[in-house]
Amino acid sequence: MEKGRKPAVRLTARGAIALALVATLAGYVLAALLGVQQVVGAAFLVSSLLGVLLVNRRELLSLVVAPPLVFFCATLFVELGRALGSVSIVQSLALGLYTSLTRGAPWLFAGSAVVLGVALRRGLWDNVRDLRAELKADAEMPRPRQPTFVPEPEGYFEPKVYGTPRGED
């Protein structure tokens with residue numbers, strides 16, 4: 001790509017997160033078919049890199065925090081599917097999550113580091129600066145005074161009796 005040229009495709013943060021989730025799930029499917037567990041991590045890493053390269057610059061802050069959650073959600077979905085056929089669903093789910101997350105930890109850290117590094121290069125600090133300015137402006141904005149509470153007149157909540165008592169006709 002030439003310097004200064006923007007790619008034709010731009011994603012929102014949600015689109016980049018969805019891309020990473022679908023690619024990670026596809027990696028789990030390929031890993032099951034091929035018997036090679038590194039496919040999951042590689043799919044996660046490549047999709048995370050692709051997502052951070054294609055996301056709108058103003059949405060980098062939202063994307064940077066997502067990779068661990070994406071990896072966990074994909075792993076939870078796959079392991080829940082595997083656990084449904086077992087005798088003890090909870091035990092099978094816990095063991096499957098532990099095993100899959102342990103096996104995928106290096107890929108998860110690498111994917112998170114790549115996303116953070118590329119996002120910093122693309123202007124993440126500008127997003128952080130803008131967010132700080134917004135929060136500071138909101139904090140300094142004078143709050144409208146709350147109206148003072150005017151108590152109701154005495155007897156307001158007492159039941160009213162209409163008409164005349166019975167028997168006095």
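**View 1. Helix α2 and the lining of the largest cavity.** In this predicted model, α2 contributes four residues to the lining of the largest cavity, the most of any element. The structure contains one cavity of 30 Å³ or more. The space within the largest cavity amounts to about 70 Å³. Two or more lining residues come from each of α1 (13–34), α2 (38–54) and α4 (67–83).

**View 2. Residues around the largest cavity.** The lining is formed by Ala16, Ile17, Ala20, Ser47, Ser48, Gly51, Val52, Leu63, Ala66, Pro67, Val70 and Val115. By class, nine of the lining residues are nonpolar and three are polar, while none is charged.

**View 3. The packing of α2 against α5.** Helix α5 spans residues 89–122, and its axis comes within 9 Å of the axis of α2, with a crossing angle of roughly 10°. Because of this angle, α2 is roughly parallel to α5. On the α2 side, the contact comprises Gln38, Gly41, Ala42, Phe44, Leu45, Ser48, Leu49, Val52, Leu53 and Leu54. These residues meet Trp107, Leu108, Ala110, Gly111, Val114, Val115, Val118, Ala119 and Arg122 of α5. The contact of α2 with α5 includes 14 nonpolar residues, together with four polar residues and one charged residue. Ser48 and Val52 of α2 and Val115 of α5 take part in this contact, and Ser48, Val52 and Val115 also belong to the lining of the largest cavity.

**View 4. The aromatic pair of Phe44 and Phe71.** One aromatic pair is present in the structure. Phe44 and Phe71 are arranged edge-to-face, with 5.1 Å from centre to centre and 70° between the planes. Phe44 belongs to helix α2 and Phe71 to helix α4, so the pair ties together parts that are 27 residues apart in sequence. Phe44 is also one of the α2 residues in contact with α5.

Conventions. Residues are numbered from 1 along each chain as its sequence is written. This is a predicted model: local features need pLDDT of at least 70, side-chain atom pairs count only at pLDDT 80 or more; totals for chains, interfaces and linings use all residues. Side-chain values use heavy atoms; hydrogens and water are left out. On a 1 Å grid over the protein atoms alone, a cavity is a set of points where a 1.4 Å probe fits but cannot get out, and a pocket is an open set with protein on both sides within 12 Å along at least five of seven lines; lining residues have an atom within 4 Å of a point. Grid points are joined across faces, edges and corners, and a volume is the space filled by probe spheres set on the points. Ala, Val, Leu, Ile, Met, Phe, Trp, Tyr, Cys and Pro count as nonpolar, Asp, Glu, Lys and Arg as charged, and the others, Gly among them, as polar. Axes are lines fitted to C-alpha atoms, for helices over the stretch in contact, and angles run from 0 to 180 degrees between N-to-C directions. Angles under 35 degrees count as roughly parallel, over 145 as roughly antiparallel, 65 to 115 as roughly perpendicular and the rest as oblique. Contact means heavy atoms within 4.5 Å. Rings of Phe, Tyr and Trp (its six-membered ring) pair if their centres lie within 6.5 Å; planes under 30 degrees apart count as stacked, over 60 as edge-to-face and the rest as tilted.
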